[in-house]
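Hi,

Here is the structure I promised to pass on.

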Amino acid sequence: MVYVGMSMLKYISIDKVDKLMLAMSKLKYGDMSKYGVVRPKEGPFAMKMSGGRTPTIDVGCIKRIKKGKVKVYYIVLLDCY
């Protein structure tokens, strides 16, 4: 999927590619929120452009999450001033 998205970036805007990647991901993996995987507000290619990082979960890990062999913990970090 990443290769397809990177190829499309040559011709289509980041916003549109991120939306297509989101749709493809939902079709392939389903709704992962019920397993505790929360999608970031920004798309993967926009995140890569703005911060240099991309959220990635190995395909084998997704299978294990769905089978209950891997537990997802969601941690919120707050800035305290």
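Below is what I found in it, starting with the overall picture.

First, a bit of background. This is a predicted model, where local features need pLDDT of at least 70 and side-chain atom pairs count only at pLDDT 80 or more, while totals for chains, interfaces and linings use all residues. Residues are numbered from 1 along each chain as its sequence is written, and side-chain values use heavy atoms, with hydrogens and water left out.

The protein has 4 helices and 0 strands (helices are DSSP runs of H or I with at least four residues, strands are runs of E with at least two, numbered from the N terminus). Its C-alpha atoms fill a box of roughly 40 × 40 × 15 Å along the principal axes. Of its 81 residues, 17% count as buried (buried is under 20% relative accessible area, exposed is over 50%, partly exposed is in between, with a 1.4 Å probe and protein chains only).

Now for the inside. The largest nonpolar core is made of 5 residues: Tyr29, Met32, Val37, Ile62 and Ile65 (such a core is a set of buried Ala, Val, Leu, Ile, Met, Phe, Trp, Tyr and Cys residues joined through side-chain atoms within 4.5 Å). Leaving aside residues up to four places away in sequence, Ile62 touches Tyr29, Met32 and Ile57 (contact means heavy atoms within 4.5 Å).

Then there's Tyr74, in the segment after helix H4 (59–67). Tyr74 is exposed, because its relative accessible area is 56%. Tyr74 and Val37 sit 37 residues apart in sequence, and their C-alpha atoms are 7.7 Å apart in space.

Cheers
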